[in-house]
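Subject: Handover of a structure and findings

Dear colleague,

Please find below the structure that I am handing over to you. The findings follow directly after it.

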Amino acid sequence: MNCLVFQQTTSVIETPESVENVTVYPNPFNDKIEVANENNIQSEIILFDITSRKILQQKFTNAVSINTSQLAKGLYLYEVRDKNGLYKKGRVVKD
């Protein structure tokens, strides 16, 4: 007699604090985007246009203010990465 045994496993995916504590603001933005990381970890922000073309890349520790006056109005995508490659993704709109 064959018997099937099923085990139920529960996985919890934790968001690392280095990524969880990243804020990108304001949204929508005009001439500046502010990026802050509360964990004092060197990070970088990469901003893409809607066609996934890289617009800018800036390294920072703690916080950075990025001049965006040269950007056209529209939707932009961003990734914030830390030194371990962990990242946060999001969208921002320029008015």
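Which residue in β4 stands opposite Glu-44? The residue is Lys-59.

Before the other findings, a note on the basis of this work. This is a predicted model, in which local features need pLDDT of at least 70 and side-chain atom pairs count only at pLDDT 80 or more, while totals for chains, interfaces and linings use all residues. Residues are numbered from 1 along each chain as its sequence is written, and side-chain values use heavy atoms, with hydrogens and water left out.

Overall architecture

The chain contains 1 helix and 7 strands, where helices (H or I, at least four residues) and strands (E, at least two) are DSSP runs numbered from the N terminus. Read from the N terminus, the order of elements is α-β-β-β-β-β-β-β. Of the 95 residues, 33% count as buried; buried means under 20% relative accessible area, exposed means over 50%, and partly exposed lies in between (1.4 Å probe, protein chains only). The accessible surface amounts to about 6900 Å², and 47% of it belongs to carbon and sulfur atoms; such areas come from the Shrake-Rupley method with a 1.4 Å probe, and for residues only the protein chains shown count as cover.

Strand pairing

Two strands pair if DSSP finds at least two bridges between them. Strand β3 (42–48) is mostly covered, with 6 of its 7 residues buried. On one hand, β3 is joined to β4 by 7 bridges in an antiparallel arrangement. The hairpin of these two strands has 5 residues between them, and Ser-52 there takes a positive phi near 70 degrees. On the other hand, β3 pairs with β6 over 6 bridges, again in the antiparallel sense, and Leu-47 stands opposite Tyr-78 in β6.

Strands β2 (residues 32–37) and β5 run antiparallel and are joined by 5 bridges, with Ile-33 opposite Ile-66. In β5 (residues 63–67), Val-64 and Ile-66 form a covered face, whereas Ala-63, Ser-65 and Asn-67 form an uncovered one. In a regular strand the side chains alternate between the two faces of the sheet.

Nonpolar core

A nonpolar core is a set of buried Ala, Val, Leu, Ile, Met, Phe, Trp, Tyr and Cys residues joined through side-chain atoms within 4.5 Å. The largest one has 16 residues, of which Val-24, Val-35, Leu-47, Val-80 and Val-92 touch the most other members. Strands β1, β2, β3, β4, β5 and β6 each supply at least two residues of this core, and the largest share, 3 residues, comes from β6. Leaving aside residues up to four places away in sequence, Leu-47 touches several residues, including Ile-33, Leu-71, Tyr-78 and Val-92; contact here means heavy atoms within 4.5 Å.

Salt bridges

The whole structure holds 2 salt bridges, each being a side-chain nitrogen of Lys or Arg within 4 Å of a carboxyl oxygen of Asp or Glu. Arg-53 pairs with Asp-49, the closest N and O atoms being 3.1 Å apart. Arg-53 counts as exposed because its relative accessibility is 53%, whereas Asp-49 is buried, with a relative accessible area of 12%. Arg-81 pairs with Glu-79, the closest N and O atoms being 2.4 Å apart. Arg-81 is partly exposed at 29% relative accessibility, and Glu-79 is buried at 13%.

Yours sincerely
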